[in-house]
Amino acid sequence: MQKFNGLWKTYIFIVTTSVIFAAVTAYFIWLNTHTQARTELIYSHRVISNSTQSVLSKNEGLLKTLGELLIALRKQQDPAIEPQQLFDSLLKTNPEIAGFGLANPSGRFILASFDINNPTAISLQKNPASAVSFKKTLNSPQMVVGRTYYMKSLQQWVIPLRQRITDKNGLVTGVMTSGLKLESNFNTWSGSFLPSHMSTFIVREDFYRQYAPKTAFSSAESAYSQPIPYAWVRKFEDRFRDEGATLATIRNSSPEIFTSVALQTERRAKSLVSISYDPRFAHYTIIATPYELISQRLLIPLSVLALAFIIFNLVLFWTFRSNIRLQNTAKNTLEQQATHDPLTGLPNRRHLLKAYPSWQAHCHGDFHIIFMDINNFKSCNDLHGHSVGDQILQEVASRINNCFPECLKIRPGGDEFIILTPSIDAKHVIQLCDDFYQQLKQSILVSQLDFSITVSMGIAHTPSNGHSLDDLLRKADMAMYQAKATGARHFIYSDHLEEKQRNAFLIEQELRLALERDELFLVYQPQVEAQTKNIVGIETLIRWKNEKLGMVPPDVFIPIAESTGLIIDIGRFVLQTSMRELAEITKKQPKYKNLQLSVNISVQQLFHSTIINDIQQLTDQYPSIPLCIEVTESLFIEDLKAAKLVLDRIQAIGVKISLDDFGTGYSSLSVLTKLPINELKIDKSFIQHVLSSKSDKNLIQSIINIGKSLQIPVLSEGVEEKEQADLLLEFGCDLFQGYYFAKPMENTQLIKHLKAHTPNTNLNGEHQEAALYAVQLP
């Protein structure tokens, strides 16, 4: 029942949300429809208002011109044009005009398009319907629009337009008048200018209607014979007052258009109304559209919304009802997916976080955590594809299950695994790790490919290494990386490891400022030709003296520089400094002008985008210094094709390539034949035991023989005893380097050493060719 209640609450929430959404949507539909109606109304209003002003302005010009012409014609005894002909022509071209008439200042018609002798053609000044506007015309330089009235002489309702005519002295000589047909199809306010649902009202400043649609009133008499009732005007104004406007505001804001919901007329239903005022012709323009029409426009979208709302809630109810029935089945599946890795089936980190407190309680807070990482898994993935990598992960997980019974096995992601073992004996845990390592070394067959997988494991113990899961995982991870760095199968966390990590962090912080503080400097170790013992090259080793840390060994700070990217700037410093200092040394000791300089370049530096340009600039700056760069065998593990491409470009500049620490890494004879190698350098770890270790002796002989067969010179580094030198010479080694001949020294000491050394001149030229500059990067 509790499960159902939880879903029911969700259902109620969704239904409530859908109701709110439907209400908001309905509101926006209404708002959009209302906005469209208002926009349409304002646009139509602007059309009518502009058209009205245009028509009245046109008639104003017409009346003035016509009046002046008629007065001029009257003064002529034999006029060229008869007034009646002029009237007929104008009426024909202006069908919206009912007639023209020219009255004298007293209001009596003296010329007209109708019969002025007709008894109905009474004086404009005496006619109550025209008297007010006629008098106003006499005093106004602009055309005056009179009150709409029934003109008996024309037998129709007209809107009178009157324009006074003056002489040169400004005296009124006549009043030109015309009447716009109220019911003409050509007038501005006819239905042809507006959508059928809109109605136009023109109301004078004295609230007499100038124009109203025929459908709004029972008769023209009721529409135009009396002003709009004051009570209705106030009611109309109150509607606009709610929008922040009054009739005074509307008059003062001309030509701005105001809209509101108001009554269309005194008797008609509610409408959306727009209003503006024309101060030139003193009238209000009112456009109305029935609110009922807006409601009709809302009917279809609101019906669709209602139908969608009903269907949605019916489907929602059915869905929740089905989900309640399926919940128990789905829960187990979802729990499995949420807490287990889909690839290996092992629990994931989420499960570990959830299960850790109970596991801790079960073991009484005393257990070990093993953090393991598959070695070189990324390379395998990149080379063979993720599908092969996934199968390897599945097989590794299967062997973990077999080798660690009664343990909590976790795959947090990637190529990492976490194992919580209840064993409290460290020796037993190490034995478990060793057994698993041996089991894992057995080949894994995937897609007809054999893989031999190894892992690095870090071990942490609680309570001695902490209690919290995050702390234990951090320390086990730290131990795992130490195992990976040292090549060990496993490593048990100790406080010394954390201290080492803190020291590494401090070294990194200080190393970032070492170049800026000028703390790095170079020392040089001579290299000699095996037969003659002449100095033919030097190797440079970098040193760092820090104010806080003192002298920091290269094998400590160089790996940190490589991991942080600082090796690029440091390597560039060593290249530039050693070339400059060697140029100064050979200048002082010209007999060593052909001394060759060797440079040990790290993998990161070799693959850096600026390496070719850096070397090119240095060789151009110091063209007399033979340069040889040393690379280690680990370079070929990164990317053999890319390495060959870079080395070919470097060799094309005129720089030689030396393979450093040969025999300690992954080089093969096929690799040597493919790469542009000019020298092999035997690692000092083999030289140290050459007198006592038969295997080392055989290996050195093999390396020298490889060099001979490939015509590549071989240099032995770390030669510290005469017996070693004699044996290596017997093997055919070409070059020596080591404490037996000279220790590393600064440039000033090197100058003295070169000065004191006497070259053996009984040599052919090829023994004096090369010298290496190398940055010792352990």
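Two strands are taken to pair if DSSP finds at least two bridges between them. Helices (H or I, at least four residues) and strands (E, at least two) are DSSP runs, numbered from the N terminus. The structure is a predicted model, in which local features need pLDDT of at least 70 and side-chain atom pairs count only at pLDDT 80 or more, while totals for chains, interfaces and linings use all residues. Residues are numbered from 1 along each chain as its sequence is written, and side-chain values use heavy atoms, with hydrogens and water left out.

In the hairpin of strand 10 and strand 11, four residues lie between the strands, and Ala-282 takes a positive phi near 55°. Strand 10 (residues 270–278) pairs with strand 11 in the antiparallel sense, over eight bridges. Within this pairing, Ser-274 has Ile-287 of strand 11 as its bridge partner. Strand 11 also pairs in the antiparallel sense with strand 7 (residues 199–204), over six bridges. Here His-283 of strand 11 is the bridge partner of Arg-204. Seven of the eight residues of strand 11 (residues 283–290) are buried, so this strand is largely enclosed by the rest of the structure. Buried denotes under 20% relative accessible area, exposed over 50%, and partly exposed the range in between (1.4 Å probe, protein chains only).

In the protein as a whole there are 24 helices and 27 strands. The radius of gyration is 53 Å, well over the 28 Å that the globule rule gives for 778 residues, so the protein is more spread out than a compact globule. This radius is taken over C-alpha atoms, and the globule rule is 2.2 Å times the number of residues to the power 0.38. Along the principal axes, the C-alpha atoms fill a box of roughly 155 × 85 × 50 Å. The domain assignment gives domain 1 (1–303), domain 2 (349–493) and domain 3 (512–756), with bounds that come from an automatic or database domain assignment. The centres of domain 2 and domain 3, taken over C-alpha atoms, are separated by 39 Å.

Of the 778 residues in the protein, 48% are buried. The accessible surface comes to about 39300 Å², and carbon and sulfur atoms account for 53% of this surface. Accessible areas come from the Shrake-Rupley method with a 1.4 Å probe; for residues, only the protein chains shown count as cover. Among contacts (heavy atoms within 4.5 Å) with a separation of 6 or more, 65% are between residues 24 or more positions apart.

Two cis peptide bonds are described here. The bond from Ser-254 to Pro-255 is cis, with omega near 10°, and Pro-255 is found in the loop between helix 6 (247–252) and strand 9 (258–263). The bond from Thr-462 to Pro-463 is likewise cis, with omega near 20°; Pro-463 is placed in the loop between strand 17 (455–462) and helix 12 (469–486).

Positive phi values in residues other than glycine also occur in loops between a helix and a strand. Asp-518 has phi near 60° and lies in the loop between helix 13 (495–511) and strand 19 (520–529). The relative accessible area of Asp-518 is 62%, and this residue is exposed. Gln-711 has phi near 55° and lies in the loop between helix 22 (694–709) and strand 26 (714–717). With a relative accessibility of 73%, Gln-711 counts as exposed.
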